[in-house]
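This report is meant to be read beside the sequence and the model. Please keep both in view while going through the sections.

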Amino acid sequence: KNSESVLLNNILTVYNVNSNKPVYREIIAQEVQAPSPGSFFVKNNLLLFIDHQTKLTALEAWKP
């Protein structure tokens, strides 16, 4: 590993839009060399995301 290379963490944070406070936070990729766009999406009431490039995780939407 090059000592000058910068490694990134991809952090997924879900906010309550009414209170502007985080309700869920997860590091979904650690020490990656580049950002990984498209690592989460929403369908119906589910938040789906790829966790550490190996596991598809689904969470039900939070209700007020």
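How many bridges join β4 to β5? Six bridges join these two strands, β4 and β5, which run antiparallel.

## Basis of the model

This is a predicted model, in which local features need pLDDT of at least 70 and side-chain atom pairs count only at pLDDT 80 or more, while totals for chains, interfaces and linings use all residues. Residues are numbered from 1 along each chain as its sequence is written, and side-chain values use heavy atoms, with hydrogens and water left out.

## The open sheet

Three strands form an open sheet in the order β3-β4-β5, with antiparallel pairing; strands here are DSSP runs of E with at least two residues, numbered from the N terminus, and two of them pair if DSSP finds at least two bridges between them. The edges are taken by β3 (40-43) and β5, each of which has a single partner strand, so one side of each is left without a neighbour in the sheet. On average, neighbouring strands of this sheet are turned by 25 degrees against each other, direction ignored, where the axes are lines fitted to C-alpha atoms.

Within the pairing of β4 with β5, Leu48 stands opposite Ala58 in β5.

Thr57 lies in strand β5, which covers residues 55-60. Because its relative accessibility is 16%, Thr57 counts as buried, a term that means under 20% relative accessible area, whereas exposed means over 50% and partly exposed lies in between (1.4 Å probe, protein chains only).

Leaving aside residues up to four places away in sequence, Thr57 touches Leu47, Leu48, Phe49 and Asp51, contact meaning heavy atoms within 4.5 Å. The C-alpha atoms of Thr57 and Ile28 are separated by 10.0 Å, and these residues are 29 residues apart along the chain.

## The largest nonpolar core

The largest nonpolar core has seven residues, namely Leu12, Val14, Tyr24, Ile28, Leu47, Phe49 and Leu59; such a core is a set of buried Ala, Val, Leu, Ile, Met, Phe, Trp, Tyr and Cys residues joined through side-chain atoms within 4.5 Å. The elements that give two or more residues to this core are β1 (8-16), β2 (21-32) and β4 (46-51).

Glu31, placed in strand β2, has a positive phi of about 50 degrees although it is not a glycine, and at 54% relative accessibility Glu31 counts as exposed. Gln53, in the loop between β4 and β5, is not a glycine either and has a positive phi of about 60 degrees; Gln53 is exposed, with a relative accessible area of 62%.

Definitions and conventions:
Helices (H or I, at least four residues) and strands (E, at least two) are DSSP runs, numbered from the N terminus. Axes are lines fitted to C-alpha atoms, for helices over the stretch in contact, and angles run from 0 to 180 degrees between N-to-C directions.
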